[in-house]
Amino acid sequence: MKILYVSHLHPPKDAPLANMGGMQRVSMQLVRELQIRPDIEIMTVIQQAPWNGIKWRTALFLIRMKFKLPQIVKEFNPDVILFSSMVTGGLALLAGKNIDTPMVTINHGRDVKMPNGFYQNLVPKVFNALHGVISVSEATRAECIKRGMHPDKGIALPNGFHEMDFETGIAKDKSREIIEEKFDVNLSGKGLLLTVGRQVKRKGHDWFIREVLPKINSEIYYLIVGDGPEHERLNGVVSNSPNTHKIILAGRQPDELLKHAYAAADIFIMPNIPVSGDMEGFGIVLLEANLASTFAIASDLEGIKDVIKDGVNGFKIPVHDSKTFARKINEVLASNPGEFGKQSSKYVKEFFSWNSVADRYISYLKEIIENYKSAASR
């Protein structure tokens with residue numbers, strides 16, 4: 001099978017991995033997995049650009065590809081075109097009339113719900129121009145259906161991970177020492193809670209600090225890794241919190257330190273809240289934490305629902321239920337976080353490795369190709 005893969009969201013070659021978001025990681029890992037498959041021939045058309053100025057860079061990329069894509073398709077003659085997101089998938093609408101090849105997009109959540117009237121007006125038209133849609137969660141697929149996608153056109157397939165990207169077997173004691181030295185804290189006798197991700201409102205950092213931390217009876221530190229538009233405001237929230245001495249607002253960190261943070265943590269925290277026009281499509285950081293043998297406690301919301309199997313690799317807490325959130329944290333810390341973590345790692349390796357997930361991608365793409373050929377022969 002020949003696949004033409006088109007993406008607008010890979011980072012520059014010289015950019016540190018710490019600058020990547022979840023969508024970028026997923027895109028790069030999927031490409032890598034498809035490239036090593038002996039039954040797949042893949043050609044990539046990828047914009048490599050920093051986040052700074054990404055909107056206008058992407059607009060220019062789409063304009064160029066509107067004219068270039070038909071020629072690329074003619075020369076490569078792919079069996080299917082796979083777009084990395086709804087944004088790139090817009091090329092099905094822009095250039096699709098000049099292309100006689102089935103087109104499929106992956107979508108992640110935010111790229112479906114983006115709160116822009118002009119964009120939302122285009123979304124149903126893009127769905128109509130596509131031949132297949134892969135949503136990273138059932139919640140994302142539901143949002144697609146709300147916006148005019150026929151249910152038979154889309155499927156929910158999870159994100160995956162490459163184990164080689166997340167070193168396993170890191171000694172917890174050694175990682176805790178590294179975290180202690182880096183942030184000048186003493187973790188002896190204390191639990192370490194960890195949150196990793198882009199600091200936007202839907203991630204619920206503010207809510208967790210205000211509503212959950214005061215209810216946690218265990219001795220803990222709460223390490224928050226990431227950056228984003230909420231970062232400066234969170235600085236103020238942390239400074240004004242009575243628990244400020246328990247909170248480490250670390251900002252963006254390199255991948256090497258992030259691996260140690262995952263390994264050192266006792267519980268990974270994802271306290272998301274619902275936000276209009278935004279959503280958590282999947283939550284790849286949950287898999288990264290589980291892979292490092294760290295159990296998760298997260299809001300039972302949107303794409304998170306598809307990642308956590310309750311009681312196996314984490315607990316799902318009703319949205320805004322601060323009492324239950326704190327109680328579950330206390331219970332896990334009081335029992336044996338290490339045992340919870342081992343079963344988490346085993347579970348995600350079995351169900352979410354790219355080796356397994358890519359098989360399902362390939363099977364779906366083959367189905368789309370066959371349907372397209374059948375329709376053309378009528």
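## Exercise 1: a cavity lining

Sort the residues that line the second largest cavity into nonpolar, polar and charged.

Solution. Keep in mind that this is a predicted model. Begin with the tally: the lining holds 6 nonpolar residues, 3 polar ones and no charged ones. The model has 3 cavities of 30 Å³ or more.

## Exercise 2: H8 against H11

Work out how helix H8 is oriented relative to helix H11.

Solution. Start from the geometry: H8 (residues 172-183) and H11 (residues 255-264) pack at an angle of about 120 degrees, with their axes 8 Å apart. Angles of 65 to 115 degrees count as roughly perpendicular and those over 145 as roughly antiparallel, so H8 is oblique to H11. The crossing is left-handed. Now find the contact: H8 brings Lys172, Ser175, Arg176, Ile178, Ile179, Lys182 and Phe183, while H11 brings Leu257, His260, Ala261, Ala263 and Ala264. Sorted by class, that contact has 7 nonpolar, 2 polar and 3 charged residues.

## Exercise 3: H9 against H14

Decide how H9 lies relative to H14, and list the residues that make the contact.

Solution. The axes of H9 (residues 205-212) and H14 (residues 322-334) come within 10 Å and cross at roughly 80 degrees. That angle makes H9 roughly perpendicular to H14. On the H9 side the contact uses Trp207, Phe208, Glu211 and Val212; on the H14 side, Ser322, Phe325, Ala326 and Ile329. The class count is 6 nonpolar, 1 polar and 1 charged.

## Exercise 4: H12 against H15

Which residues of H12 and H15 meet, and how do they divide by class?

Solution. First the crossing: the axes of H12 (residues 284-291) and H15 (residues 337-351) come within 7 Å, at roughly 120 degrees. The two helices are therefore oblique to each other, and H12 passes H15 in a left-handed crossing. Next the residues: Leu287, Asn290 and Leu291 in H12 meet Gly341, Ser344, Ser345, Val348 and Lys349 in H15. Finally the classes: 3 nonpolar, 4 polar and 1 charged.

Terms used. Residues numbered from 1 in each chain as written. Predicted model: local features only at pLDDT ≥ 70, side-chain atom pairs only at ≥ 80, totals over all residues. Heavy atoms only, no water. 1 Å grid on protein atoms, 1.4 Å probe; cavity = no way out; pocket = protein on both sides within 12 Å on 5 of 7 lines; lining within 4 Å. Points joined across faces, edges and corners; volume = space filled by probe spheres on them. Nonpolar A, V, L, I, M, F, W, Y, C, P; charged D, E, K, R; others polar. Axes fitted to C-alpha atoms, helices over the stretch in contact; angles between N-to-C directions. Helix = DSSP H or I, 4+ residues; strand = E, 2+ residues; numbered from the N terminus. Parallel < 35°, antiparallel > 145°, perpendicular 65-115°, else oblique. Left-handed = near helix turned anticlockwise from the far one by under 90°. Contact = heavy atoms within 4.5 Å.
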